[in-house]
Each structure stands twice: as C-alpha cells, then as structure tokens.
Amino acid sequence: MQVSKFGGASVKNAGAVRNLLEIVSHLDKPQVIVVSAMGKMTNAFETLVQHYFSGERDACNAQLRFIKEFHNNIVLDLFGDLQNPLLSPFRECVQQLELRLEQLPSMHFDYEYDQIVSFGEIFSTHIISAFLKFSDVDNKWMDVRHVLKTDDLYRDANVDWKLTTELMERSFSFVDTSLYLTQGFLGGTFSNISTTLGREGSDYTAAIIGYVLNAERVTVWKDVPGILNADPRIFPDAQKIDSLSYAETIELSYYGAQVIHPKTLKPLQNKQIPLYVKSFLDRELPGTVIRQESPKIPVPVFILKKDQVVLTLSPRDFSFITEENLSRILALFSQNHVRINLLQTSALNFTVCVDRKDSFAKMVDQLKEFYSVRYNDQVELLTIRHYNQPVIDEKLKDRIVIDSQVTRKNARFVLQSS
C-alpha cells in the first residue's frame, strides 16, 4: 500500500488535473491519494474569511464569486459543462459554503478560518474524484475530517493518534476500491468540527495516513525534479540531491529550506517509511528519497531568508545577560509568535535574527520596558550547510556582512539586502 500527495501547484488548472490523471493511472495500487486546494486557492479562501469575519459583505461576495468562477472554469474545461451528475457533490458543497457565509460569524477568527478555508480541499477533491471517474479511473472519495481526528486547537490542531488509527484502519479497508482520494491539511474534532493542521499540513496528512496504514512508501509530487541544494529562483546553479536522511532533512528545514517539515517526517521515521519527492512534470524522473540512512550530501546547501530583522537587546543597567533575562526575553518572543532564526549572546547583548511579522512592533514595545533595543530592518540571512571556504568567499563577494556565526557544519551570515 502506498500514499501519494499532490500539492496545489500540481492541480492548479485543468491541464494539471489531466496530468494528475496520467500519473495516478500508472501508480501501483492499492493507493491513497492526498490532494491540496487548487493553485493559490488557500490564499483566496483566507481572504474570503477575513472579509467575512470583518463584516465586509460586498468584498466577501466578490471574493466568493472569484472562487466559484475559478473552480467552474476548471470544471468546464474538464467536463464540458457544469451539470455532469458526477459533480453533484461539488455543487452541494458550493451551496453549503454560500449558506455558511450568510450566517453571522462567531467571535473566534481561528475557528471561522478552519470552517471556511477547509472548503478549498473539499472543492478540489470532489472535482478531481469526479474527473477520475469520468475518465474511467475508479476511486472512492473520503472525507478526511471523519477519520483524522484532532483536538480543537484551530489552525494548528494536534492529532488524536489512537482514535485516528482506529478510524483509518476501519475506513481505508480497500475492500471495494483500490484507490482512495482524500484531502490534505484538514482534520476534525470528536464532534466533527473542521480543523486544520497548520504549515505543511497536506504533507503531514500523507505521513499520518502512511504511518497508520503501514505504507510501503509515501510520495510527494512537486513542480521540481526533487529536493535541490538551493532555491533555483535565487541560485540558478541549484543541483538535485538524490538522497537525504531524516535527520539531515530536519536540519535543512530548521534553517529555513523549503523541503519537508519535521512534523511530516516524524511519523515516517518512527516506522522507517521512505519519503520520495518526485516531479509531477515528469513521473519517470527518480526524484529524491528521504530515509533513515543516506550518504553525505555531496554539495553545499544554500538557504537564503529575506525580509529579516536583526535585533540586539542590552540591559539598561549594564548588568549581565542572565538566565532570568533570557527567560523573560524568550517568553515575549513566544507570546508574539516571532520565530528566532539566529541567536547569539554575550555578557551585555542578546542578538537575534527574526522574521519580520506584524507582531514585531508590539514585541519591541514590550521589550523596551526592560531593555535597550536596537535593530536593523530589511536584512537577509544566508545559511551555508556543509560549507567550504571557497564557497563562502564566492557567496559573500560584494556583500556587506552585519553578523556571522560559524559552526562545524553551518556558516551563517546576516547580510544587508542586495
């Protein structure tokens, strides 16, 4: 048994859906297919819920029309009309969303977020399941919210592993089908209220299903030939990495590489299930495999985080940076959800490089109650993993270095924006 996950880019339009059909037709069975919302629809639904929660009725209606038109255009391209009987579940879900938006919102944005944004995956999978059947590929649509159970921490729900295992083993029986199609990113509470799993939620869904059902492998289909040693949009000479260990992949993700989130890898690592990252543009390419043991990466890895802030705090009375100071500082970062990407301390200074977020200004005001605060805005953080000196010299050529941190495997530089 295997699990395949298709992200938004791999189902962004009718041509992409036809490409998915081609891949699915050649996959070994039995198989569970996990699908995200189409294209940038998660962003579109986020805008919709913001208008809805704020009571901006005209903007809400306009955004809803945009979302419906986007999906209807894909349906028309795939089926030739909107009334195909196979599409009745999709049409019913559109009506459910319309009715939902006519109600007054609750007082909790995160709750409303999960109830409305979840329609992106529901729309997507109903359309794709119908198109597979339309193309004579038998499949069974599964509402993942009924089998992947979570707590009620909306937007970042925690999995109830015991209940989820019981429900998935019972529901994914493969008795009447060899192909299930379900949603990524979503879960449901014990009382069947929709939740979402947070960042990289669709990959995590595939890993959960793979873990519970003891999959032989999990495959994530992307618009790249595999995992690269750098973002090709920034570093045109990026190279594919054939194989990575779980541990190395977690390290790369921690430093900001857009690979696979550690939350996804943990359940797979627990059962030694390999994860393949393959290209949906060319299914014959070998891609990258992530497993327990792997050869050393043969090339340096470059991770560039833009729109950063380097922030330095100093006690006003010139006292040392003590454990008490650190505890107070880190608590404020946590409360404001500001992620620390680089941290250095000295006797009198606490210096970090962080993402620029809306909550940053509020946090700075709170810090100013206790510390002298200095910061540089609009900087970049370059991490070179498995570095050598010639590579460092090349990447820092003509760049102004504000701060640096070099360890045995990682060289990290805070740079003025180029």
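Reader: Is the crossing of helix 2 and helix 5 left-handed or right-handed?
Author: Helices here are DSSP runs (H or I, at least four residues), as are strands (E, at least two), and both are numbered from the N terminus. A crossing is left-handed if the near helix is turned anticlockwise from the far one by less than a right angle, and right-handed if clockwise. For helix 2 and helix 5, the crossing is right-handed.

Reader: Good start! At what pLDDT do side-chain atom pairs count?
Author: Residues are numbered from 1 along each chain as its sequence is written, and side-chain values use heavy atoms, with hydrogens and water left out. This is a predicted model, in which totals for chains, interfaces and linings use all residues, local features need pLDDT of at least 70, and side-chain atom pairs count only at pLDDT 80 or more.

Reader: Back to those helices: what word describes helix 2 relative to helix 5?
Author: Axes are lines fitted to C-alpha atoms, for helices over the stretch in contact, and angles run from 0 to 180 degrees between N-to-C directions. The axes of helix 2 (residues 41-54) and helix 5 (residues 109-117) come within 9 Å and cross at roughly 135 degrees. Angles under 35 degrees count as roughly parallel, over 145 as roughly antiparallel, 65 to 115 as roughly perpendicular and the rest as oblique. The angle therefore makes helix 2, relative to helix 5, oblique.

Reader: How many residues of the contact of helix 2 with helix 5 are nonpolar?
Author: Contact means heavy atoms within 4.5 Å, and helix 2 brings residues including F45, L48 and F53, while helix 5 brings F109, Y113 and I116 among them. Ala, Val, Leu, Ile, Met, Phe, Trp, Tyr, Cys and Pro count as nonpolar, Asp, Glu, Lys and Arg as charged, and the others, Gly among them, as polar. On that count, two residues are polar, two are charged and the nonpolar ones number nine.

Reader: Which elements do the buried residues of helix 5 pack against?
Author: Buried means under 20% relative accessible area, exposed over 50%, and partly exposed in between (1.4 Å probe, protein chains only). In helix 5, E112, Y113, D114, Q115, I116 and V117 are buried. Their packing partners are helix 2, helix 4 (88-102), helix 6 and strand 6.

Reader: What does F123 touch beyond its neighbours in sequence?
Author: Neighbours within four places in sequence are left aside here. The contacts of F123 are then F45, I67, H71, F90, C93, V94 and L97.

Reader: Is T164 buried or exposed?
Author: T164 is found in helix 7 (residues 161-171). Its contacts, not counting residues up to four places away in sequence, are V147, L148, K149, V159 and I208. With a relative accessible area of 0%, T164 is buried.

Reader: Which peptide bond is cis?
Author: Most peptide bonds are trans. The place to look is the loop between helix 1 (14-26) and strand 2 (31-35), where P30 sits. With omega near 5 degrees, the cis bond runs from K29 to P30.

Reader: What is the phi of F174?
Author: Most residues other than glycine have a negative phi. F174 is in the loop between helix 7 and strand 4 (179-183), and is partly exposed at a relative accessible area of 22%. Although F174 is not a glycine, its phi is positive, at about 60 degrees.
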